[in-house]
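Reader: I'm new to this one. Can you walk me through it?
Author: Here it is; ask away.

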Amino acid sequence: MTECETPREKDLLKRRDFLREIEAKAQTLWAENGVFNAECCKPGEKFFGNFMCPYMNGSFHLGHASALSELEFAARFQRLRGANVLLPFAFNCTGVPIKTSADRLTREAQELGDPPVLSQAIQQQEAPEWKRLRTTGVCDRQISRLQNATNWLAVFPQYTMQQLQAFGLSCDWRRTLVTTDQNPYFDCFVRWQVRKLKSMGKIVKDVCYTIFSPRDGKPCADYERAAGGEGVGPQEYTIIKMEVVAKPFPTKLQVLEGRRVFLAAATLSPETMYAQTNAWVLPDGKYGAFEINETDVFILTHRAALNLAYQKHSKVPEKPTCLLELTGFDLIGLPLKSPLALVASGLPVIYALPMLTVPTNKGTGILASVPSVDRDDSTGLNDLKSKPTLREKFGVKDIWVMTASENVIPIIIIPGLPRLADEGTLLKGEFKGMRADKARPLVKSKLIEAGDAIMYSEPEKCVFSRSGEECVVALTEEWFITYGDPEWKKLAEECLSSMNLYSDEARHQFQQTLSRLDQRACSQSFGGLGTRIPWDEEHLVEWSTDSTIYMLYSTIAHLLHKGNMYGCSSSTPAIRPEQMTDEVWDFIFCDGSYPQSSDISPSLLSKMKQEFEYWYPFDLRVSDKDQIQSHLIFCVYIHVAIMSKKHWPLGFRCNMEPVLNPQLMSNSRATATGYFMPLFRIIHKYSADATRFALAVYGNCLDNFTFSYLTTTARNAIRRLTAEISWNEKVLDPDQYSSFRIGPPSSFVDKVFANEINIAVKTTEQHYQDFEFKQALIAGFQNLQQAKEWYANSCGPRAMNRDLVLHFIDVQTRLIAPICPHYAEYVWRELLKKEGFVVNAGWPVADVPNLTLQRAKNYLEEVIKLMENKLQDVKYSPDKKLALIGLIYVKERFDGWKAECLRILKEHFNSDTSTFSFSREFMDKLETLRRTCVDEDEEFIRFLTSKMSEAIKLGDEALDLKLPFGEIEVLQENLDLIKRRLGVGKVHALSASNGGDSLTKTGVKLRYSPSSILQKDSPSPGLPNAIFVTRASDLIVFQSHICFSTIPLCFIDFLVDRGEGIYRSYKFTDEDKDFGYFLMYKEEAVAIGAEALDLKQPFREIETLEENLDLVRRDSIGLDNRYAKAGTLVKLIKCPKRPTAILLTRHDLAKAGSPVKMIEAETSSPGNPAVLFLTL
């Protein structure tokens, strides 16, 4: 929020500051009264929700808050419903990132000073760690302390907890914890967890290919990767060693003499190498000759050499040694010996040839060519063979190409094309006759055993760690959790199938993760923070393992360290860390036997087990979408491994982070350079409740949302919340309050308002249960606001009902409490003067919504809107508006062919499935009805399709002959409301069936009957018609929108407007300045559409025109030289110099012989005259 000096901004700041004041008071009250402290064993429902542990190398930001808000809203809703709610919190400090950041700070302090002097040049480049921490709100004195990694645990967890308290998180802070051995109780818990998994054979030591960060010196798990790298695994290849057999070596390779030099080609299909014809290189590609051991040198790309160096294929481990820089041009024409190539010429030599599509960002940059299998290989070889200029460009000799093309042999037969090549049969080699996919591992093993190939792996696609460096695949010896175990996977699948995942997209991602999940490292040997592996203390427990099931620990954390997140509760704790043996943990969490050897008091042991059994299983875990492939799936695996089925988790909900353009805030570049919004900053800028309001609108979906929308919504929320407080204060003011009606709701608007409140209660509850928080906000706040405004406007001079107003404020306060709790607490305690806290007030009780009453209210609004639209077309002076009388004609029941049509539709409608049975009988009945009873096919089709659509949408009640309420009754009860909304003198609701009798009862006398109007635009159930009359002449001054037949006054006005419009659409030249303005019409209809239609107007149109020619001339176009003329047919005569008003007849036309040019002509009909301009 820009704190400028405009009055609007000043007002907004004042409103925001008011919200922040009431937020501080509410938070103090909650803390002093322990409102969110969860105690077990209360009767009724319980709700246990938990959140991913945010990593503490920076500030808690809006991306975290968007996911956390869903858990927060759900927890507060459950508490409001009366459930016993537990919402704990934990801070993840395990791993390398904190240590890495601390080391960066130390380097920056040494190079730039403590605190560093940030020059303009440095600030314009990537921000240093010191600057990043400054943006999170940490002062230089504290940043200086963070050069020691352990000090981060004393700063950011406390700082984040303060932000979350300012956010209004309904957390039981007594159960808060930090990971790592800084909390000895949690350290003990993690040691028990990994020991238990190892005893079950779930943790093994192994060497395997792992995505690895060279900069961090450790495996790079999903959550340690920059955006886009999640879920990427190693891709295994076989490197075929194609030895360079040139004697001597070409000049460029002379320095390699005495070594065995190989072009290293990576392939996924080593079984096809029997049909290799040549090797491909990229002419402009950058290559190097890398020292693999004392004798062997591989030629390949630098990227591939780096991966090999981390896979124990480099003379210096993890440091590739490049003996010679090369390009693809240097390699073209090298004679090679390929271990499996069957060369028909008898010369065991193939050649390196150029290809412009060889990728250097994948594999080794060297390809083994098998034209009989690969279409690209075949195309490349044919191009070289058929294009001499191409061979000349790259210095390719004909013999090299001929050798390759003559040795193209089929290697796999694939019967029944199209089929997969894997299903084909080998035609050559030792494993001839075997399916290709079966032979592949055998050929691979043979090549590796013979020393003709090695295994090679690289990331499936480019992966960057959060430290900003590209990752490789390393062959590491670590402790692994065997997530790929088939039997274990079946249990995980069973658990997931019974869980509520809230979206098909999330379930699909879980299933994909399960299908490809294999063993994952659970240890790290690189320096960092955490818990040491109990049996191998040189390794730490990796951070995706130690916090995977922290929610178990949360159930008893308050009993272990008494609210101190570091586990240092006092000098004489009731339980010491060393007392928490494996037997004790098993007893509490895994249905183990009572630990007889434990010296913990039996009452405390029973209390801890009681806490766990009461709260477990947890009902909901909320996390970001990218945690599906790590923490969330691991959580499932560990639970099903060590816990009984009754304690398996019940629900996961995932959410995408909001976008602070242009990058995700979890992206390493976004966090490293300061492009993020810390939660404390947005709370300070907009207040907690306005922030929560905005998150409810934009945070409950799996799609990214734009930060600018969120800030705009937060600003609007400030105004809306403070405006509602002002309204509440106004209506609760004793002077205002005393003027309200007392007693139960009695009027129609009272009942409608009470019904709208009931509807809001029911629909909002459902939206909260479905995690549709935006819809909950619309139903429980926005719609209720509209209902309140409608009620206040509709009550008029009769004041609102006192009890109903109080009920509205009470209900709305509760409905919005989960999202805007500080606002709700203020209204509850300060304005309504209620006891206790709104967070525990209970969900409001509501009657079953009366949908018929809601339809009646909507019907009333539609009638008012109809009359407002028609009133706009009435010609009247503003001071004469009260002289108008509105007549609403209602037809409450369908009759005739429409009634029969509805009967047929209802007979063939299935209300259970909301479908029609389109049988032959059904179609025949409709066709017979149309043919025998209906004059207008278009009207029949329109009525039929609209009613069928309504029935499918609303059910069979749409096919009733009348509405479920009395239309005239609703209108009669609200005539005063309609009159006030329209601003007219009187309004009457009349039955169209006996219009004359009903009109007589009103005392209104009309000179002309409205029968023709009602016949031409007849009302129907739910669609009344309306006309207006004047008190002075009782003439109809407005009729329907169908035709223009009206009384004289409106008729003349229409002609004036019609002529003026036509005139303005034409461009007249100077020669046409003298012209005639004519009205042409016919008084009688030529074609009779139906017997019920009048053949002519209820007044003489010609007489009306004759009497008003001066009026038409004066009020029309406004030119001097024009005529206004009326006649049964008109033709131009020369305009005299001094215009006069005359009337032409048929007889006049016989005398007029002047030639004319028609500019515009229309066919006229009764009440719809044509306007004609003619020029000489």
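Reader: What is I809 in contact with, leaving aside its neighbours within four places in sequence?
Author: I809 is in contact with W727, N728, V731, L732, V827 and L832, where contact means heavy atoms within 4.5 Å. This is a predicted model: local features need pLDDT of at least 70, side-chain atom pairs count only at pLDDT 80 or more, and totals for chains, interfaces and linings use all residues. Residues are numbered from 1 along each chain as its sequence is written, and side-chain values use heavy atoms, with hydrogens and water left out.

Reader: Which residues touch the most other members of the largest nonpolar core?
Author: I809 is one of them, along with F51, F89, F156, M867, L971 and I978; that core has 148 residues. A nonpolar core is a set of buried Ala, Val, Leu, Ile, Met, Phe, Trp, Tyr and Cys residues joined through side-chain atoms within 4.5 Å. Buried means under 20% relative accessible area (1.4 Å probe, protein chains only).

Reader: Which helix gives the most to it?
Author: Helix 2, residues 62–81, with 10 residues. Helices (H or I, at least four residues) and strands (E, at least two) are DSSP runs, numbered from the N terminus.

Reader: Changing topic: is strand 8 mostly covered or mostly uncovered?
Author: Mostly covered: 7 of the 8 residues in strand 8 (residues 260–267) are buried.

Reader: And which strands pair with strand 8?
Author: Strand 7 (residues 234–244) pairs with strand 8 in the antiparallel sense over 6 bridges, and K241 stands opposite A264. Strand 11 (residues 296–300) pairs with strand 8 in the parallel sense over 4 bridges. Pairing requires at least two DSSP bridges between the strands.

Technical notes
Buried < 20%, exposed > 50% of the residue type's maximum accessible area, 1.4 Å probe, protein only.
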